[in-house]
Amino acid sequence: MSSTLSIEQSPFVQAMCKATHDAWIKGWDERNGGNISLLVDDDELAPYLDQVQGNRDYPMPSPTPALAGRYVLITGSGKFFRNVELDPAGNIGLIHIDATGQNYRILWGLENQSLPTSEMSAHLLSHTARLSASNGTNKVIMHCHATNLLALSYVVKPTSAAMTRTLWEGSTECLVVFPEGIGVLPWLVPGTDEIGQATAEMMSNHPLVLWPFHGVFGSGPTLDDAFGLIDTAEKAAEVMVKVYSMGGVKQTISKEQFVALGKRFGVTPNQDALNE
């Protein structure tokens with residue numbers, strides 16, 4: 001089945017254009033900072049298959065057999081988020097992972113010999129982890145340089161429990177939105193297999209992962225969900241940055257109140273963060 005619409009008008013490309021624009025407007029993705037990937041299901045792509053006849057093949061940065069046969073819409077290496085909506089085909093691309101999970105083909109976009117983001121390994125390994133953790137529902141990995149989350153990484157104890165508790169205290173809704181908490185990695189060199197593996201391992205238990213002094217990875221079923229997750233954590237981080245600048249916490253939400261909040265909304269708070 002073919003479509004009379006261009007693939008650039010497809011819901012998934014349009015959603016990527018909106019997400020990248022919104023993230024840039026937020027100030028999370030300066031220059032070529034940040035990257036996003038979205039798993040595109042076969043039925044979503046079906047109307048546009050006649051438009052995706054690429055012939056550029058490359059080895060995967062890390063073998064990902066769990067994603068064999070999947071289609072991925074992904075931002076390009078060195079590309080600016082502010083330009084995606086102006087020129088989607090030049091700044092993002094659709095790739096297809098082969099049946100072995102060892103190679104991929106660029107089917108559409110990433111024009112002028114462009115390649116996927118240098119942090120592709122972290123994305124695809126994290127997709128594997130989140131698909132398993134979410135029973136197949138999480139299809140988005142979003143990485144950005146959220147300003148206040150970065151700022152907190154310089155002053156909050158660099159542990160998942162401490163950062164989670166800080167964000168929960170920054171806004172009541174945070175425990176409801178991410179009861180699993182935020183994972184915090186040690187500083188690692190970006191774009192390496194090491195950080196990709198470490199991020200994926202952390203994402204097995206956390207929908208959010210902080211790279212201290214660098215940025216954050218968020219996941220979700222849709223681009224809206226992943227964006228909203230990061231936005232919620234970033235708002236709480238902004239509140240706490242202001243609290244610290246006003247002399248620090250004088251009163252806050254108690255452990256008992258967090259427990260009551262979890263019961264009310266049917267979520268199980270991260271125990272380490274509760275005890276922090």
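**Close-up views of a predicted model**

**View 1. Helix 6 and helix 9 are roughly perpendicular to each other (an angle of 65 to 115 degrees; under 35 counts as roughly parallel, over 145 as roughly antiparallel and the rest as oblique).** The model is predicted, so local features need pLDDT of at least 70 and side-chain atom pairs count only at pLDDT 80 or more, while totals for chains, interfaces and linings use all residues. Residues are numbered from 1 along each chain as its sequence is written, and side-chain values use heavy atoms, with hydrogens and water left out. Helices (H or I, at least four residues) and strands (E, at least two) are DSSP runs, numbered from the N terminus. The axes of helix 6 and helix 9 cross at roughly 85 degrees and come within 8 Å. Axes are lines fitted to C-alpha atoms, for helices over the stretch in contact, and angles between N-to-C directions run from 0 to 180 degrees. Helix 6 contributes Thr166, Leu167, Glu169 and Gly170, which meet Ala233, Ala236, Ala237, Val239, Met240 and Tyr244 of helix 9; contact means heavy atoms within 4.5 Å. The residues of this contact are 7 nonpolar, 2 polar and 1 charged. Here Ala, Val, Leu, Ile, Met, Phe, Trp, Tyr, Cys and Pro count as nonpolar, Asp, Glu, Lys and Arg as charged, and the others, Gly among them, as polar.

**View 2. Helix 1 (residues 11–26) and helix 9 (residues 223–245) pack at an angle of about 15 degrees.** Their axes are 10 Å apart, and the two helices are therefore roughly parallel to each other. On the helix 1 side, the contact is made by Ala15, Met16, Ala19, Asp22, Ala23 and Lys26, and on the helix 9 side by Leu223, Phe227 and Asp231. These residues divide into 6 nonpolar, no polar and 3 charged.

**View 3. The largest nonpolar core has 58 residues.** A nonpolar core is a set of buried Ala, Val, Leu, Ile, Met, Phe, Trp, Tyr and Cys residues joined through side-chain atoms within 4.5 Å. Buried means under 20% relative accessible area, exposed over 50% and partly exposed in between (1.4 Å probe, protein chains only). Ile7, Phe12, Leu73, Leu94, Trp108, Leu167 and Val216 touch the most other members. Helix 9 gives the most to this core, with 10 residues. Apart from it lies another core, of 14 residues, including Ala122, Leu125, Ile141 and Leu188.

**View 4. Helix 8 (residues 193–203) has several buried residues, among them Ile195, Gly196 and Met203.** The buried residues of helix 8 pack against helix 4 (120–133), strand 6 (140–144), helix 6 (160–170), strand 7 (182–184), strand 8 (208–211) and strand 9 (215–220).

**View 5. Asparagine 112 and glutamine 113 lie in the loop between strand 5 and helix 4.** Most residues other than glycine have a negative phi. Phi of asparagine 112 is near 60 degrees, a positive value, and glutamine 113 has a positive phi of about 65 degrees. Asparagine 112 is exposed, with a relative accessible area of 74%, and glutamine 113 is exposed, with 61%. Serine 114, in the loop between strand 5 (103–109) and helix 4, is buried, with a relative accessible area of 10%. Not counting residues up to four places away in sequence, serine 114 touches Arg56, Lys79, Gly90 and Ile106.

**View 6. Glycine 27 lies in the loop between helix 1 and strand 1 (35–40).** Glycine 27 is partly exposed, with a relative accessible area of 36%. Glycine 27 and histidine 145 are 118 residues apart in sequence and 8.1 Å apart in space, C-alpha to C-alpha.
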